[in-house]
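This report takes up a few local features and then the sheet. Please keep the sequence and the structure in view while reading.

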Amino acid sequence: MKTFDIKNILIPLDFSETSLLALDHAVFMARLYKADITLLHVVETFMFTSAITFNDTGNDLTSIVHEKAQEKLNNIANEIYDKCGVKVNTRLETGRIYKSIIEVANSSKADVIIMGTHGVSGFREFVIGSNSFRVVTEAPCPVISVQTNSKKIGFTSIILPIDNSLASRQKVSYAADMALKYNCHIHIVGLINEKDDEFIRVLKLKISQVETYLKHHNVLFDTKFVNGDNLGDMTLKSAIELKGDIIVMMTDQEPDYEFRGILMGSYSQTIVNHSKIPVMSINPILNIPEVNIVQYGF
């Protein structure tokens, strides 16, 4: 069984309202798991390239920006420790934002990244360009994305969508661990987007295995099947109807992983872009045989 044992939480912080809201979620989680927090602020390189080109004091500007950012990080870290007793490390990096986040996640051995994000629409909804999407698809650990609507801190209701894709059930152990830690309820949502009898039979078998797994781990749950054509819309609608606090999903529900990191599956794109509640995205482990996944241990 893959356990979701959180010891180090990485927070990319740009001091915006959304990133500070993500920090509130992180502090709550850190206290629950007795974990440390790493605050990361990334100063993009192009800022200084422009400054040096147009301003002879570009190097001085570099120092000033770093000094001010570090001061803010230190103040936030000290405030969190004083109020909550949570140990907070700070990192200040210069470079591309998403690359720096991935590098620090690897070097700090982060167990989860919690970051503020902003939904997009139109063409950008299907082509990864923003820092948040790059992080979600390339991170070495789960990523919890938080939008400005996600003001409720803590989770009591987890939405767990299950479809017929090979990777769909890999997230179950993460959701189960979180449910036990937060003392919350899991809503299994079986997504039926085909009318084929064999498709429905296989999906129901998979759902039954998930139910067996949750029962074995003493997790409270219920199950709902929904029909439709768009997996993303079905999941989002279910999250509203079931009053979910967080959606736990795989980042790529598509069978072709060749373009992973460049194109994001339309299902996961829809969820991250439009969910009003936090979304925990987990990158799939590839090449797992399609066996009885309860015996395999998810």
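## Two lysines in loops

Lys34 has a relative accessibility of 72%, so it counts as exposed; the term exposed stands for over 50% relative accessible area, buried for under 20%, and partly exposed for values in between, computed with a 1.4 Å probe on protein chains only. Lys34 sits in the loop between α1 (17-33) and β2 (36-43). Helices (H or I, at least four residues) and strands (E, at least two) are DSSP runs, numbered from the N terminus. Although Lys34 is not a glycine, its phi is positive, at about 55°.

Lys109 also has a positive phi of about 55° and is not a glycine. Its place is the loop between α4 (97-107) and β4 (112-116). With 69% relative accessibility, Lys109 counts as exposed.

## Basis of the model

This is a predicted model, in which local features need pLDDT of at least 70 and side-chain atom pairs count only at pLDDT 80 or more, while totals for chains, interfaces and linings use all residues. Residues are numbered from 1 along each chain as its sequence is written, and side-chain values use heavy atoms, with hydrogens and water left out.

## Buried residues

Helix α9 (residues 266-274) is largely enclosed by the rest of the structure, because seven of its nine residues are buried. These are Tyr267, Ser268, Gln269, Thr270, Ile271, Val272 and Asn273.

Cys141 is buried at 7% relative accessibility, and Cys184 is buried at 6%. How many disulfides does a search of the whole structure find? The search finds zero, a disulfide being a pair of cysteine sulfur atoms within 2.5 Å.

Asn283 belongs to the loop between β10 (279-282) and α10 (293-296). Its relative accessible area is 15%, so Asn283 is buried.

The side chain of Asn283 makes a polar contact of 2.6 Å with the side chain of Thr251. A polar contact is a pair of N or O atoms within 3.5 Å; within protein, one must be able to donate a hydrogen and the other to accept it, and residues adjacent in sequence count only if both atoms are side-chain atoms. The Asn283 side chain also reaches the backbone oxygen of Ala139, at 3.0 Å.

## Aromatic rings

There are four aromatic pairs in the structure. Rings of Phe, Tyr and Trp (its six-membered ring) pair if their centres lie within 6.5 Å; planes under 30 degrees apart count as stacked, over 60 as edge-to-face and the rest as tilted. Phe155 and Tyr182 form a tilted pair, because their ring centres are 5.0 Å apart and their planes meet at 40°. This pair links distant parts of the chain, 27 residues apart: Phe155 is in the loop between β5 (143-146) and β6 (157-162), and Tyr182 is in helix α6 (residues 172-182). Both residues are buried. Phe28, Tyr33, Phe155 and Tyr182 make up one aromatic cluster.

## The sheet

Ten strands form an open sheet with mixed pairing, in the order β3-β2-β1-β4-β5-β10-β9-β6-β7-β8. At the edges stand β3 (88-94) and β8 (221-227), each with a single partner strand, so one side of each has no neighbour in the sheet. Strands pair if DSSP finds at least two bridges between them.

Strand β6 runs parallel to β9 (residues 246-250), and two bridges join them. Ile159 stands opposite Ile247 in β9.
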